[in-house]
Amino acid sequence: MYPDIIQLNITGNSILGQKNGAAASAKFHVELTVVDIKSSKRIKDGHRRQIAFYVKVLRDLLATAQFRSEMEKESISVDISKKGEVWLPRTVSTVSADKIVKQRFDVQEAVESVDQFFTEVMPRVLQRRRENV
């Protein structure tokens, strides 16, 4: 289970020139937007929650010390967009790229729903006796 696309919005200079034969240090900011492509007539709560789960995984990855250390060495800051995207076909039978509807939504509400599932619902399910599940 992986997102279909993670869009990168990169700001900053890709090449700042050379100084005394060595490349000058670069400063970049990267914003990641999670995109999922669906074959559906409309965006559904499950689509939003799926993207929210991917956002949570990315946040955890970005919070690891190893990742932060590598990004600091390269002078790169990375954030996750507050918006998620679901790409839907204009008609369910259409698959061409020029006929896709891109729907953006605020991902935080869906993240809160996923958090609630993992902190409240999942522990109750796991505590039930096996024959009751």
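Colleague: Among contacts between residues at least 6 apart in sequence, what share joins residues at least 24 apart in this chain?

Modeller: In this predicted model, 60% of the contacts between residues at least 6 apart join residues at least 24 apart. The chain itself holds three helices and seven strands, and from the N terminus on its elements run β-β-β-β-α-α-β-β-β-α.

Colleague: Why is the pairing of Phe53 and Phe118 called tilted?

Modeller: The two ring centres lie 6.1 Å apart, and a pair requires centres within 6.5 Å, so Phe53 and Phe118 qualify as a pair. Their planes stand at 35 degrees; stacked would need under 30 degrees and edge-to-face over 60, therefore the pair is classed as tilted. The structure holds three aromatic pairs, and Phe53, Tyr54, Phe117 and Phe118 form one aromatic cluster.

Colleague: What makes the pair of Phe53 and Phe118 a tie between separate parts of the chain?

Modeller: Phe53 belongs to helix H1 (residues 45-63) and Phe118 to helix H3 (residues 108-127), so the pair ties together parts that are 65 residues apart in sequence.

Colleague: How do you know whether Phe53 and Phe118 are buried, partly exposed or exposed?

Modeller: Buried would require a relative accessible area under 20%, and exposed one over 50%. Phe53 has 27% and Phe118 has 39%; both values fall in between, so each residue counts as partly exposed.

Colleague: Which residues touch the most other members of the largest nonpolar core?

Modeller: Within this core of 20 residues, Ile51, Val55 and Val107 touch the most other members. Strand S4 (28-37), H1, strand S5 (76-80), strand S6 (83-89) and H3 each supply at least two of the core's residues, with the largest share, six residues, coming from H1.

Colleague: What does Val55 touch, leaving aside residues up to four places away in sequence?

Modeller: Its partners on that count are Val34, Ile80, Val107 and Val111. For the chain as a whole, buried residues make up 26% of the 133 residues, while the accessible surface comes to about 9,600 Å², of which 51% belongs to carbon and sulfur atoms.

Terms used:
Residues numbered from 1 in each chain as written. Predicted model: local features only at pLDDT ≥ 70, side-chain atom pairs only at ≥ 80, totals over all residues. Heavy atoms only, no water. Phe/Tyr/Trp six-rings, centres within 6.5 Å; stacked < 30°, edge-to-face > 60°. Helix = DSSP H or I, 4+ residues; strand = E, 2+ residues; numbered from the N terminus. Buried < 20%, exposed > 50% of the residue type's maximum accessible area, 1.4 Å probe, protein only. Core = buried A, V, L, I, M, F, W, Y, C linked by side-chain atoms within 4.5 Å. Contact = heavy atoms within 4.5 Å. Areas by Shrake-Rupley, 256 points an atom, 1.4 Å probe, with all protein chains shown as cover.
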